[in-house]
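Hi everyone, thanks for making time this morning. I'd like to walk you through a model, one piece at a time, so please have a look at the screen.

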Amino acid sequence: MLHADGVTKRFGTAVALDGLSLDVAAGEIAGLVGHNGAGKSTFVDVVCGLLRPDAGTVRVGGRAPSAARADIGVALYPSATAAEHLALFGRLAGLRRHALAAAVAEVVDALLLTDFLDRRVGLLSGGQQRRVQAATALLHRPALLLLDEPTAGADPQTRESLLAALRRRAADGAAILYATHYLHELADLGATIAVARRGRIIARGTSAQLLVGLPSEVRLRAEGADEVRVRTTDPAGALTALLDRAPGTLREVDIRKPSLDDLYRSLAG
Amino acid sequence: MTDSLLRIAALARHNAVLRRRDPGQFLSYLVMPMLLMSVLAPVFRRAAAGGSAQVVTGMLVIYSTLALSIVGTATLAERVWHTWDRLRVTRAGGAELLLGKTLPAYAVLLLQQAALLTYGAVVVGARPHGPAACGLLAVAVAVWSATLLAAGNALAAVVRSFGELGAACDIGALAFATLGGALVPTSMFPAWLRPAAPASPGYWALSMLQAAMRGDVHRTLVPAAVLLTAGLAASAFAVRRLTRPRGRTTLL
């Protein structure tokens with residue numbers, strides 16, 4: 001659904017995107033991770049048409065990226081109600097009358113907006129504003145949905161309702177590009193992962209594929225001795241060796257498998 | 001085409017709702033000139049023939065120019081709230097966004113000027129000379145409002161805060177309106193200042209409105225053409241600044 005090839009964008013002498021290539025298939029949730037300044041937001045801006053790339057191509061469903069719809073952070077009218085936001089963005093997306101009413105009812109239900117639908121968003125909490133913002137992006141079932149840190153500062157209820165809505169959209173065939181720093185959300189979503197660094201994708205795959213070869217951590221604590229931690233790709237062998245050398249009664253043993261955080265640290269540097 | 005019109009209508013309706021919820025500036029720029037017209041009318045009438053028309057059109061030009069801030073605030077708020085970027089990633093094109101955004105503001109400017117002219121005619125006694133003059137006044141108000149709309153959007157496209165916008169509107173409006181003869185007729189200016197008056201859009205607005213009140217077609221349409229040209233230039237600048245693909249809005 002999304003095909004980006006060799007996308008380059010410079011701001012003066014600073015290179016924000018340096019030949020970034022990325023494909024996201026229909027029905028796939030792709031997590032885009034990387035440090036601040038890695039190029040995530042710039043890439044989202046290019047894909048949704050806010051920025052024109054200096055080089056490279058971006059296609060959404062084989063065409064210029066007009067089919068993409070983006071949630072690019074909280075951007076709401078403080079004096080308009082949540083319902084008015086949904087009506088505006090629904091109409092701008094081409095929804096009318098019954099189709100608009102049905103789409104609004106669906107996102108209101110999915111993102112738990114009922115209680116504050118007729119309140120001005122300037123009076124809502126940050127989490128409620130997040131939900132309204134996400135609802136405007138989800139409203140009309142775009143073929144490609146771009147989300148730039150949609151849960152930043154959101155409460156657990158907001159996060160869970162949004163992730164559930166995204167899972168449903170992906171199951172319905174939408175391609176979702178999800179830029180975030182919260183790696184556990186990508187695990188919850190079952191997302192594939194693209195790691196960006198200095199404007200390029202330096203790793204791409206499922207979390208299982210990317211975690212292969214990363215060391216586990218073996219932790220052992222015995223009575224009368226300091227805690228021992230060993231990072232190893234052979235946790236069973238390391239544990240056996242540690243147990244052989246343990247001086248006293250064993251108090252605690254733990255093997256922590258590599259996580260997405262470890263992957264992120266190892267790749268994004 | 002139909003889809004485009006529906007999007008413009010949706011945006012215009014939304015912006016009209018926002019405008020209706022924040023009427024303070026509009027009321028201020030409506031009531032203040034009415035008060036000043038009433039107070040200054042006897043003075044202007046004693047000072048010169050046509051004093052009533054001068055005070056009504058003068059106050060209209062000053063306060064409609066100050067109302068640039070209404071247009072500017074509406075557009076700048078979109079940049080401050082980042083909603084402009086949010087709108088830019090919808091199906092609506094740049095021209096649709098600007099039309100939907102500015103139509104309600106245009107209506108506000110038309111309403112303000114129509115109300116002030118009506119007040120001027122009924123209370124101050126500055127009446128248009130016949131039905132033709134009424135038609136010309138309608139044209140003049142439409143042209144002046146369009147010019148102000150373009151200038152307000154151009155201003156909002158370059159300033160970086162509401163403070164900057166307020167300062168630019170207040171100082172600019174008073175300077176241009178005064179230089180154009182809205183406060184004191186240009187005939188009473190010192191000789192060295194008089195040649196500078198046509199540099200102000202206020203001068204052309206005042207000439208146009210006063211000629212329209214007299215029913216003078218030629219002297220209405222020439223300034224109207226000057227103002228429309230300036231308005232088109234300002235519009236082109238605003239469209240370019242607000243719609244070009246240069247990433248998310250950043251201010252300050």
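Let me start with a question: in what order do the three strands of the open sheet of chain A that holds β10, β11 and β12 lie? The order is β11-β10-β12, and the pairing is antiparallel. Here, two strands pair if DSSP finds at least two bridges between them. Helices (H or I, at least four residues) and strands (E, at least two) are DSSP runs, numbered from the N terminus.

Before going on, some housekeeping. This is a predicted model, where local features need pLDDT of at least 70 and side-chain atom pairs count only at pLDDT 80 or more, while totals for chains, interfaces and linings use all residues. Residues are numbered from 1 along each chain as its sequence is written, and chains are lettered from A and ligands numbered from 1 in the order in which they are written.

Strand β10 (residues 216-222) of chain A meets β11(A) over five bridges in the antiparallel sense, and Ser216(A) stands opposite Thr232(A) in β11(A). Packing on this sheet is helix α8 (residues 235-245) of chain A, which touches β10, β11 and β12 of chain A. The direction of α8(A) makes about 15 degrees with that of β10(A). For angles, axes are lines fitted to C-alpha atoms, for helices over the stretch in contact, and run from 0 to 180 degrees between N-to-C directions.

Now to another open sheet of three strands in chain A, with the order β2-β1-β4 and antiparallel pairing. Its edges are β2 (14-24) and β4 (55-60) of chain A, and its twist averages 20 degrees from one strand to the next. Eight bridges join strand β1 (residues 2-11) of chain A to β2(A), with Arg10(A) standing opposite Val15(A). Helix α1 (residues 40-47) of chain A lies across β1, β2 and β4 of chain A, at about 115 degrees to β1(A).

There is also a hairpin to show you. β8(A) and strand β9 (residues 200-205) of chain A pair in the antiparallel sense over five bridges, and Arg197(A) stands opposite Arg200(A). Two residues lie between the strands of this hairpin, and Arg198(A) takes a positive phi near 50 degrees.

Over to chain B. The axes of helix α7 (residues 131-158) and helix α10 (residues 217-243) of chain B come within 8 Å and cross at roughly 25 degrees. α7(B) and α10(B) are therefore roughly parallel to each other; the cut-offs are under 35 degrees for roughly parallel, over 145 for roughly antiparallel, 65 to 115 for roughly perpendicular, and oblique for the rest.

How do the chains meet? 22 residues of chain A are in contact with 23 residues of chain B, contact being C-beta atoms, placed from the backbone, within 7 Å. On the chain A side, α2(A) gives the most, with five residues.

Last, confidence. The model scores ipTM 0.83 and pTM 0.82.

Key
Contact = placed C-beta atoms within 7 Å.
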